[in-house]
Amino acid sequence: MTRHLIVITDQTRAKAVRWASGVSIGTRIEFKAPKRTLPQNSKFWAMLTDVATQLKWHGVKLSPDDWKLIFLDSLKREVRAAPNIDGTGFVNLGRSSSDLSVEEMRDLIELIHCFGANHGVVFQDTETKYNDCN
């Protein structure tokens with residue numbers, strides 16, 4: 001067995017047990033919380049777009065992708081950079097937001113909302129109720 005991924009459901013739980021009982025000693029098994037949902041992802045990108053279209057950051061207009069990296073860093077996710085091959089800039093080495101769990105994405109959306117509220121951003125999604133941003 002090289003690499004396999006199985007999402008635990010009522011139907012796959014027994015298969016996961018069979019796989020685990022049949023692997024060699026030293027095999028690594030990793031458990032992760034469920035990944036972010038599609039509605040969370042949609043809300044996330046809508047909020048990033050709202051921030052990007054309404055704010056300049058230190059006088060610079062940033063893209064939604066740029067804001068994503070700023071907010072991921074604020075979530076305490078490691079965002080690293082290294083010089084690019086020709087020495088004219090840097091390459092982002094940070095993790096992708098696509099691997100965030102449901103809980104991490106919830107926290108990230110809350111962080112974006114609070115940042116936006118503190119900077120006068122009007123979000124398109126006005127139905128969602130958020131915690132206090134103080």
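In what order do the elements of the protein chain run from the N terminus on? In this predicted model, the order is α-α-β-β-α-β-β-α, which amounts to 4 helices and 4 strands. The protein chain has 134 residues, of which 25% are buried. Its exposed surface comes to about 9,900 Å², with carbon and sulfur atoms supplying 55% of that area. When contacts between residues at least 6 apart in sequence are considered, 49% of them join residues at least 24 apart.

Helix α2 covers residues 38-54. The buried residues of α2 are Gln40, Lys43, Phe44, Met47, Leu48, Asp50, Val51 and Ala52. The cover over these buried residues includes β2 (60-61), α3 (64-74) and α4 (102-118).

The loop between α1 (13-22) and α2 contains Lys35. Beyond its neighbours within four places in sequence, Lys35 is in contact with Ser98, Asp99, Leu100, Ser101 and Val102. With Ser98, a polar atom of the Lys35 side chain lies 3.5 Å from the backbone oxygen. The C-alpha atom of Lys35 is also 8.7 Å from that of Glu103, although 68 residues separate the two along the chain.

Aromatic residues provide a further set of contacts. The structure holds 6 aromatic pairs. In one of them, Trp67 and Phe71, the ring centres are 5.6 Å apart and the planes meet at 25 degrees; the pair is therefore stacked, as the angle is under 30 degrees. Both residues belong to helix α3, where Trp67 and Phe71 are 4 residues apart, about one turn of the helix. An α-helix has 3.6 residues a turn, so residues three or four places apart point the same way. Trp67 and Phe71 are both buried.

Trp67 also pairs with Phe115, in a tilted arrangement with 5.5 Å from centre to centre and 50 degrees between the planes. Because Trp67 lies in helix α3 and Phe115 in helix α4, this pair ties together parts that are 48 residues apart in sequence. Phe115, like Trp67, is buried. Together with Trp57, the residues Trp67, Phe71 and Phe115 form one aromatic cluster.

Technical notes:
Residues are numbered from 1 along each chain as its sequence is written. This is a predicted model: local features need pLDDT of at least 70, side-chain atom pairs count only at pLDDT 80 or more; totals for chains, interfaces and linings use all residues. Side-chain values use heavy atoms; hydrogens and water are left out. Helices (H or I, at least four residues) and strands (E, at least two) are DSSP runs, numbered from the N terminus. The expected span of a helix is 1.5 Å times one less than its number of residues. Buried means under 20% relative accessible area, exposed over 50%, partly exposed in between (1.4 Å probe, protein chains only). Contact means heavy atoms within 4.5 Å. Accessible areas come from the Shrake-Rupley method with a 1.4 Å probe; for residues, only the protein chains shown count as cover. A polar contact is a pair of N or O atoms within 3.5 Å; within protein, one must be able to donate a hydrogen and the other to accept it, and residues adjacent in sequence count only if both atoms are side-chain atoms. Rings of Phe, Tyr and Trp (its six-membered ring) pair if their centres lie within 6.5 Å; planes under 30 degrees apart count as stacked, over 60 as edge-to-face and the rest as tilted.
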